[in-house]
Each structure stands twice: as C-alpha cells, then as structure tokens.
Amino acid sequence: IAYGRSEEVAHAASRFQASVLATTASKLRCFVDEDEAQIERLSSLKTRLEKSMTDATLNFKAEKRAHTVTARDLTIASKENSQNKKRVEVLNEVVEGLEGE
C-alpha cells in the first residue's frame with residue numbers, strides 16, 4: 001500500500017510540475033508577445049522619427065538654399081545698382097556737355 005501511495009504522490013507531483021510548467025510557458029509566451037508588440041511599436045516610432053528628421057533636414061536645406069539665393073540676388077542687384085549709378089553719372093556728364101555747346 002505504501003508503494004502505491006508513493007506512486008500516487010509521485011504522479012500528482014508530476015502533474016503539478018507539468019501544470020506549473022504549462023502556466024510558466026503561457027506567461028512567458030505572453031511576455032514575448034508583449035515584448036514583440038513593444039518592439040514593433042518602437043520600431044514604428046523610430047521609422048516615423050527618422051522620416052520626420054529627414055523631412056526637417058530637407059526643409060532646412062531648402063530654406064538655406066532660399067536664403068542663399070536671396071543673398072546672391074541681393075549681391076547681384078547691388079552690383080547692378082552700382083553699374084546703373086555709374087551709367088547715370090556718365091549720361092549726366094554727356095548731357096551737361098551737350099548743354100554747354
């Protein structure tokens with residue numbers, strides 16, 4: 001009888017261990033699933049942040065180019081203005097010369 005009781009106890013212990021292992025495995029699967037979901041969310045966030053940074057960089061470069069063009073245009077306009085002033089001075093001298101005749 002003691003041997004049979006010992007087997008029952010061993011069998012019950014095995015079932016209990018199997019139950020504990022199944023529960024632990026189930027919980028671990030849940031943790032893994034949660035981790036994978038978190039990784040996917042973080043990966044998606046990383047992708048959106050990278051796109052946002054790329055967009056911001058492109059916008060900054062475009063604005064920088066626009067300002068560079070504006071500065072270049074101002075330099076050209078300033079040179080043209082100086083040349084026009086010289087032309088006006090020459091024309092005024094010509095007019096004065098003609099009026100003096």
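Trainee: How many helices and strands does the protein have?

Mentor: This is a predicted model, in which local features need pLDDT of at least 70, side-chain atom pairs count only at pLDDT 80 or more, and totals for chains, interfaces and linings use all residues. Residues are numbered from 1 along each chain as its sequence is written, and side-chain values use heavy atoms, with hydrogens and water left out. Helices (H or I, at least four residues) and strands (E, at least two) are DSSP runs, numbered from the N terminus. The count is one helix and zero strands.

Trainee: What is the radius of gyration of the protein?

Mentor: The radius is taken over C-alpha atoms, and the globule rule is 2.2 Å times the number of residues to the power 0.38. For 101 residues that rule gives 13 Å, and the protein is well over this, so it is more spread out than a compact globule. The radius of gyration is 43 Å.

Trainee: What box do the C-alpha atoms fill, and what percentage of the residues count as buried?

Mentor: Taken along the principal axes, the box is roughly 150 × 10 × 5 Å. Buried means under 20% relative accessible area, exposed over 50%, and partly exposed in between (1.4 Å probe, protein chains only). Of the 101 residues, the buried share is 0%.

Trainee: Which residue forms a salt bridge with D55?

Mentor: A salt bridge is a side-chain nitrogen of Lys or Arg within 4 Å of a carboxyl oxygen of Asp or Glu. With the closest N and O atoms 2.9 Å apart, the partner is K51.

Trainee: How many salt bridges does the rule count, and what is the N to O distance between K46 and E50?

Mentor: The count comes to two salt bridges. K46 and E50 both lie in helix α1, four residues apart, about one turn of the helix. E50 counts as partly exposed because its relative accessibility is 39%. The N to O distance for K46 and E50 is 3.5 Å.

Trainee: Which residues form a negative surface patch?

Mentor: Patch residues have over 30% relative accessible area and no salt bridge; like charges are joined within 9 Å, and nonpolar side chains (Val, Leu, Ile, Met, Phe, Trp, Tyr) within 5 Å. One member, D33, is found in helix α1 (residues 2-100) and is partly exposed at 48%. The patch is formed by D33, E34, D35, E36 and E40.

Methods. Accessible areas come from the Shrake-Rupley method with a 1.4 Å probe; for residues, only the protein chains shown count as cover. Lys and Arg count as positive and Asp and Glu as negative; His and the chain ends are not counted. The place of a charge is taken as NZ of Lys, CZ of Arg, CG of Asp or CD of Glu.
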